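This briefing goes through the pockets and the ligand surroundings of the structure shown below.

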Amino acid sequence: MMEAMEAILTRRSTRNFRQEAVEQDKLEKILEAGRQAPSGGNSQLNHFLVIRRADVIRELVEQVEKAFAKMEVTEGMYRSLRHSIEASRRGGYVFCYNAPVLIAVANRPDYGNHMADVACAIENMMIAANALDLGSCWINQLRWLNEEPGLLARMRALGMKEEERIYGAVSLGWPAAGKPARNLMKLTGNEVTWID
Ligand SMILES: Cc1cc2nc3c(=O)[nH]c(=O)nc-3n(C[C@H](O)[C@H](O)[C@H](O)COP(=O)(O)O)c2cc1C
């Protein structure tokens, strides 16, 4: 398996997936990576909903598109959110890129580190996926819509607890291109100040 630094540095988002199941042992390794992620005060409040049923993913895609299509684009809106709304209004918007696996990560709104803990777990899972030659992409739409009544009810029906909300998700699968793209990212930000 790939060395840790290489797996971290070469992880790139995949948005085009093959319609092929991901082996159970690989998925379990990825979940192990997510579950072993650090959490504030070792709270371990992340809840991983692993969605593999194509009919459930299809229903989520329809529901997300409907919810965005009802939303208004406002001045200065976050670019990706605006894109989701505009694409949904045009129709045919598939927020999770037709990946065979979607892992939604829930946590508790009343716990102050919910977003940080979910982010640590998702990053761990994406790095693990890269090490296993699988493609992954962070999916934010279920977080933006995490109070939308229809989607809230749907996530609860899928096993999310009453007190939880979705704070992030990740699409996983075999990249259409074969292996994941592994080019290094051109850095345009992420400033470093050394204090010696
Ligand atoms: C918090 C967060 C939210 C993101 N949301 C989405 C998303 O909803 N859809 C998507 O296609 N990519 C999403 N991304 C992926 C970023 O667009 C991507 O990481 C960035 O462009 C850098 O490219 P790379 O992942 O290939 O290095 C998200 C990434 C992060 C960290």
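**Second largest pocket**

Helix α3 (residues 54–69) gives the largest share of the lining of the second largest pocket, 4 residues. The model is predicted: local features need pLDDT of at least 70 and side-chain atom pairs count only at pLDDT 80 or more, while totals for chains, interfaces and linings use all residues. Residues are numbered from 1 along each chain as its sequence is written, and side-chain values use heavy atoms, with hydrogens and water left out.

- Helices (H or I, at least four residues) and strands (E, at least two) are DSSP runs, numbered from the N terminus.
- A pocket is an open set of points on a 1 Å grid over the protein atoms alone, where a 1.4 Å probe fits, with protein on both sides within 12 Å along at least five of seven lines; lining residues have an atom within 4 Å of a point.
- The second largest pocket has a volume of about 240 Å³, a volume being the space filled by probe spheres set on the points, which are joined across faces, edges and corners.
- Among the residues lining the second largest pocket are Gln19, Arg52, Ile57, Arg58, Asn98 and Pro100.
- This lining divides into 8 nonpolar, 2 polar and 2 charged residues (Ala, Val, Leu, Ile, Met, Phe, Trp, Tyr, Cys and Pro count as nonpolar, Asp, Glu, Lys and Arg as charged, and the others, Gly among them, as polar).

**Largest pocket**

- The largest pocket holds about 480 Å³ of space.
- Of its 20 lining residues, Arg15, Ser80, Tyr97, Cys137 and Trp138 lie nearest the centre of the largest pocket.
- At least two lining residues each come from α4 (79–90), α5 (114–131), β3 and α6 (141–144).
- The lining of the largest pocket comprises 11 nonpolar, 6 polar and 3 charged residues.

**Ligand**

- The ligand sits in the largest pocket (more than half of its atoms lie within 2 Å of the grid points).
- Residues around the ligand (a heavy atom within 4 Å) include Arg11, Ser13, Tyr97, Ile139, Asn140 and Met185.
- Strand β3 (residues 135–139) supplies 3 residues, the largest share of this shell.
- By class, the shell around the ligand has 5 nonpolar, 3 polar and 3 charged residues.
- For Arg15, an N or O atom of the side chain is 2.7 Å from a ligand oxygen atom.
- Taken alone, the ligand exposes 620 Å², and the protein buries 63% of that (Shrake-Rupley method, 1.4 Å probe).

Terms used: Polar contact = N/O pair within 3.5 Å; in protein donor to acceptor, adjacent residues only side chain to side chain.
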